[in-house]
Amino acid sequence: MAPHDLRRPFKRPAISDQQRRRELALLRQAQQRSDSHNRARQLASSLLSLPAADQPPSSPEPILEDQPIQIEPASPEPEPEPPEAAPTRDLNVVQASKLRGLEARRWFARQLMLPEWMIDVPPYLDRDWYVFARPAGMRCFVVSSNGTTVSRLRNGSVLHQFPSLLPSGARRKDLSGPAHSYCILDCIFHEPDQTYYVIDMVCWRGYSLYDCTAEFRFFWLNSKLAETGACGPPAAYHKYRFSVIPIYDCDQMGLQAAYAGVVPHVKDGLLFYNKHAHYQTGNTPLALVWKDEFSSQYFLDTDGTGQVPAQQQVVLELQDDGKLTTSDDPPVVFGCMDGEFLQKSNLRPGNLLRFAIGDESARLHDGRLEILDLQFVAKVNPRSRAFADSYSKVFFQYAARHSPLRIEDLIASIQPNLGDNSKTTDVDMDD
Amino acid sequence: MAMEITQILLSAQSPDGKIRTAAEENLKQFQEQNLPHFFLSLSVELSNDQKPPESRRLAGIILKNSLDAKDSIRKEELTQRWVSVSSSIKVQIKESLLRTLGSSVSEARHTSSQVIAKVASIEIPRREWQDLIRQLLNNMTQQQAPAPLKQATLEALGYICEEVSPQDLEQEQVNAVLTAVVQGMNQTEHNFEVRLAAVRALYNALLFAQTNFDNEMERNFIMKVVCETTVSKELEIRQAAFECLVSIASMYYDILEPYMQALFTLTANAVRGDDEPVALQAVEFWSSICDEEIELQEEYGGADEGNSSVHSHFIEKALPLLVPMLLETLLKQEEDQDQDDGIWNLSMAGGTCLGLVARTVGDAVVPLVMPFVESNITKSDWRSREAATFAFGSILEGPSLEKLTPLVHAGLDFLLNAMKDQNSHVKDTTAWTLGRIFEILHSASSAYPVITPANLPRIMSMLLESIRDIPNVAEKVCGAIYFLAQGYEDSGPNLSVLTPFLGDIISALLSTADRADTNNSRLRSSAYETLNEIVRSTNISETSNMIAHLLHEIMNRLSRTVELEIVSSDDRERQSDLQALLCGVVQVIVQKLSGSDETKSIILQSADQMMILFLQIFACRSSTVHEEAMLAIGALAYATGPEFAKYMPEFYKYLEMGLQNFEEYQVCSISVGVVGDICRALDEKVLPFCDGIMSQLLKDLSNSMLHRSVKPPIFSCFGDIALAIGEHFEKYVPYALPMLEGAAELCAHLDASDEDMLDYGNQLRRGIFEAYSGILQGFKNAKAELMIPYANHLLRFTELVFKDTNRDEGVTKAAVAAMGDLADTLGPNTKVLFKDCTFYIDFLGECLQSDDDQLKETATWTKGMIARVLVS
């Protein structure tokens, strides 16, 4: 009789490689399909061929690309208006990749998440927030792709272009991943030890983390960065060291550790990140910066010479109707230029202008800062700065000069036995 | 009325092809011109005792095939066709069929009983032919009914029980049918043919008799009769009765308990003393019990006993008696059985059953088998040595590694020496056992390694020596090398362990493939397939030079196949088989070398030459080669990337041929996969070929003859094309999108009780979502608005899929991604849609809870995309 169908192969050599070949081929195809879909989904996929990274110096504005931020000289300097600068806010990355020079810089300038200044202590600090020491240095976006790594400052200009051990960060055969395996890191470049301190991870190996919570991003950052060897000392294919920063839950111990702990870098205040917040470009109240004299040498804003000016200075943006506004969305109006002065001074809407505020010309009213009198100082070169000050920065600097939010206030806000946070943590608003 | 068709039917069986074709054409014409008369003429031919048996038999078969088909759509067509025949003609046909049951020609009776069952399967559910059962039962009860009539009637009843659901009959009729069948089995029925027919009818009626099996009294009665029948004096009846028991073991496992004692005695007696056909069924009974218990264990996994109340542990309880009984069978080998691949005898069945027992009870089998192994393996009689080895090889799957590994270590040296036994059976079984050891127990990452750096050199040298042994031994040695290598696959640094042996293994396999001392092509194919596994498991950074040489050698061999002189169709087939094997090796090498940039250059250097070879092979026009060469080309396209464009003008026609080959759906399916590879390799450079490809894919989708498994990948392929050509996909939108919507509609109507259909439904859903994803992302940067009209449908479809409890992980991933693509591409246009349907919140919630990181990441991305839309 015929054997049971299932039984026959028992004592036969069980190789059937053809089916296996088919299955492996299908597996490969499915993997590659999923890769190419994911590539298409990445927000920043075309960062691969970004202009400024490998643009020959024929681009409109090559000269200043590599200069660090500096405070603008006082003399106003006419600046050709970039054509249709406004729509850049709405460009997506694919379009951004076609931008050149100033346009590219403007676009990039809008990609960083900008913490607001802490003007009062958010509730549930210990439960919902992380805290870490902010290294002193230049905030920048680091993009590794296509065998090179480019860092761009807050204003969008290039700081360094260099090989790194980040994925696709150098042209090295043995490290070659798929071409789309780019990364975007949010960093602070710390001059004294020539190190990029990574404070956030935006894209990793082509996978966007924009819409992931801070909790997840930091987890990913801590687990992935070290794998690449990018945290090692500089080498032939790795010009700068990258480093992660200890990130603490913002409880008493964490806050103390971030505030007073010994770190290898110069501190410039503390950063607070809401655990549930996504990476949101532009100003956000879900990431906060706070400083005092102990934690930062820049507690009060300095001018170009490193001196603290006698009067608080602010940078505001001139609007069509002469109003002077902050960079917030919606903007906060702090004053108005009169038309006559405007005509004489050759200023145009969109220009960033620096003003001084006299001690007596600002006040707090119902918890809002009001500025009574702005004294025009100079026009700011748009190459060095892309934005006006935010409301929270102006407020923080004002409070710093009058009644600062102290570390004790922060610690008190997370005393476990205090039921009502708001009472004890609000900044003292009285002048 | 009826037409004379005897001559045509005889001609249709003529050895002369011309005559045959003409007759078939005639029959076809007749059928098309007048179907009712065609049916009638066939039934008249079948019922006429004056006609030759050959024409009657063919008439019956044509009639039967006109009533039923495997494909469900075709079957429905045939049913409708029969239903539409006028009832007066149907009555005549049915009368002549029933009359034929009494014919003196047994073939005519047999065919007629089959046709009756087919007609019944159409008519009884429609409440027609209501007196059929009565008429058949009447045949059984009338006084003096001739034996042939009773025999054919029982046969017809059996087939009807197989075809018709008992729900379509009155319970009374069901009972009457079973009573008639069981009475036919009774010893008081003196005619052997009638009793045999009755046992076989019962076999066919077992599932039909479910209600009766549920009733203890009736069940006891049926079991008693079956058990009595297993000791009938006629061998065929005993065999048929055991076949019933085998079937009962599978269908009614949970009611067997009270009968097991008796069944053990009956089967043990049969295994030990009955003729082989009966003994084989008795062993099969225990194999079926094992199948049931293994399935129960797999189904409930390690879950608590509460779930597995139906698990009666028959094997465990019978173990002390069952295992010795099976071991005895192993000693009943036939001479030369090692030469015959298809052999099935008592020792093979016993070993197979022992293997199943081991899988059922695990460790408990080991102490019962090892004394047999140890006492027999050194005996001078080859049967003892072979049986001992076979017993050991049979129990390797099931018991724990802890239990087996020490035994393997203790016995490995002995087994390696046995590869030089003077008896070829022993060598054959030893090689098979080594293969099983490596397949089941060997893994580089195991906590209980069976292969160590210390024993590997000896194992390798013995295998490389034995591969030169007689062909059947060599083939099993290939298997052993295959599994040995597979154990190192994916094992990182351990891959290097094989590196020192690689050269010797490759040359041994290549010369094995060249052996001329066998006509059996299996040795050659084993050698090449083992080569594939060797390539997959090698540490390519150490061995790229050797693999590059191998690639050139295989390409040389391929080019020689093209030059072979082809005289006969056998030559053609041999050439095509060899090309298939060699293309397989090329494909595996290409895929392996594509893994890193350094080794990829080896492929790029040979790409032109490879492509020329593939095109030459396509020119040989054999489908199996077509398939393997296609697979290899897909891998090559991936490796070469945009460079592949230069091959497209030449290759395109073969790709189109592949897409058109719906008869051999594997070829079609692989060609569809290769389109995807090419899209990813070429990106927009694929555009000039898209009109042709798309129209072929659309044709395939509409082709009801194409195997359904190819259709989901075609949808995914739409996505690949759209992603590659971006906005240029616009012109295909009016064709492709309605297809997607239609398929989505179809998903809702698939039979949810059919596991295959569930599986198919999931594949289809996944394909649909992948298509949407590709199309949406393709349009993202331009012409996104084209997709606005389809957004609502996609979202509603996603909702349906979300609510479907049968959705698998792959579908979930694809669905959640497509939802994100929708939001990403259409942006604020979808704001209203997402505001109106909130299921996505739960859906994303479910995905974010998943353990699958990839799914979580995708869901997080989608969440972000939707959030962006909602705040826009």
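How many bridges pair β13(A) with strand β14 (residues 323-325) of chain A, and in which sense do the two strands run? The legends below concern a predicted model, and the first of them takes up this pairing.

**View 1. Pairing of β13 and β14 in chain A.** The two strands are joined by two bridges in the antiparallel sense. Leu318(A) has Leu324(A) of β14(A) as its bridge partner. Both strands belong to an open sheet of five strands with antiparallel pairing, ordered β15-β14-β13-β16-β19 in chain A. The edges of this sheet are formed by β15 (333-336) and β19 of chain A; each has a single partner strand, so one side of each lacks a neighbour in the sheet. From one strand to the next, the twist averages 40 degrees. Helix α9(A) lies across β13 and β15 of chain A and runs at about 165 degrees to β13(A).

**View 2. Strand β16 of chain A and its two partners.** Strand β13 (residues 312-318) of chain A pairs with β16(A) through six bridges in the antiparallel sense. Within this pair, Val314(A) has Phe355(A) of β16(A) as its bridge partner. Strand β19 (residues 374-380) of chain A is also joined to β16(A) by six bridges, and these two strands run antiparallel. Here Leu353(A) stands opposite Lys379(A) of β19(A).

**View 3. Burial of strand β16 in chain A.** Six of the six residues of β16 (residues 352-357) are buried, so the strand is largely enclosed by the rest of the structure. In a regular strand, side chains alternate between the two faces of the sheet. Both faces of β16(A) are covered: one side carries the buried residues Leu352(A), Arg354(A) and Ala356(A), and the other carries Leu353(A), Phe355(A) and Ile357(A), which are buried as well.

**View 4. The mixed sheet of chain A and the helices that accompany it.** Five strands form an open sheet with mixed pairing, in the order β1-β12-β11-β2-β10 of chain A. Because β1 (113-117) and β10 (248-249) of chain A stand at the edges with a single partner strand each, one side of each is left without a neighbour in the sheet. Helix α6 (residues 214-224) of chain A packs on this sheet and touches β1, β2 (129-135) and β11 (267-274) of chain A; the direction of the helix makes about 50 degrees with that of β2(A). Strand β12 (residues 282-290) of chain A pairs with β1(A) in the parallel sense over five bridges. Trp117(A) has Val289(A) of β12(A) as its bridge partner. Helix α9 (residues 391-402) of chain A lies across β1 and β12 of chain A, at about 35 degrees to β1(A).

**View 5. Packing of helices α25 and α27 in chain B.** The axes of α25 (residues 502-513) and α27 (residues 540-563) of chain B come within 11 Å and cross at roughly 10 degrees. The two helices are therefore roughly parallel to each other. Residues in the contact include Leu502(B), Ile506(B) and Leu510(B) of α25(B), together with Met546(B), Ile547(B) and Leu550(B) of α27(B). By class, the residues of this contact comprise eight nonpolar, two polar and two charged.

**View 6. The surroundings of Thr360 in chain B.** Thr360(B) is found in helix α18 (residues 346-361) of chain B. Thr360(B) has a relative accessible area of 8% and is buried. Apart from neighbours within four places in sequence, Thr360(B) is in contact with Cys290(B), Glu293(B), Ile294(B), Gln297(B) and Ile315(B).

How values were computed
Residues are numbered from 1 along each chain as its sequence is written. Chains are lettered from A and ligands numbered from 1 in the order in which they are written. This is a predicted model: local features need pLDDT of at least 70, side-chain atom pairs count only at pLDDT 80 or more; totals for chains, interfaces and linings use all residues. Side-chain values use heavy atoms; hydrogens and water are left out. Axes are lines fitted to C-alpha atoms, for helices over the stretch in contact, and angles run from 0 to 180 degrees between N-to-C directions. Helices (H or I, at least four residues) and strands (E, at least two) are DSSP runs, numbered from the N terminus. Angles under 35 degrees count as roughly parallel, over 145 as roughly antiparallel, 65 to 115 as roughly perpendicular and the rest as oblique. Contact means heavy atoms within 4.5 Å. Ala, Val, Leu, Ile, Met, Phe, Trp, Tyr, Cys and Pro count as nonpolar, Asp, Glu, Lys and Arg as charged, and the others, Gly among them, as polar. Buried means under 20% relative accessible area, exposed over 50%, partly exposed in between (1.4 Å probe, protein chains only). Two strands pair if DSSP finds at least two bridges between them.
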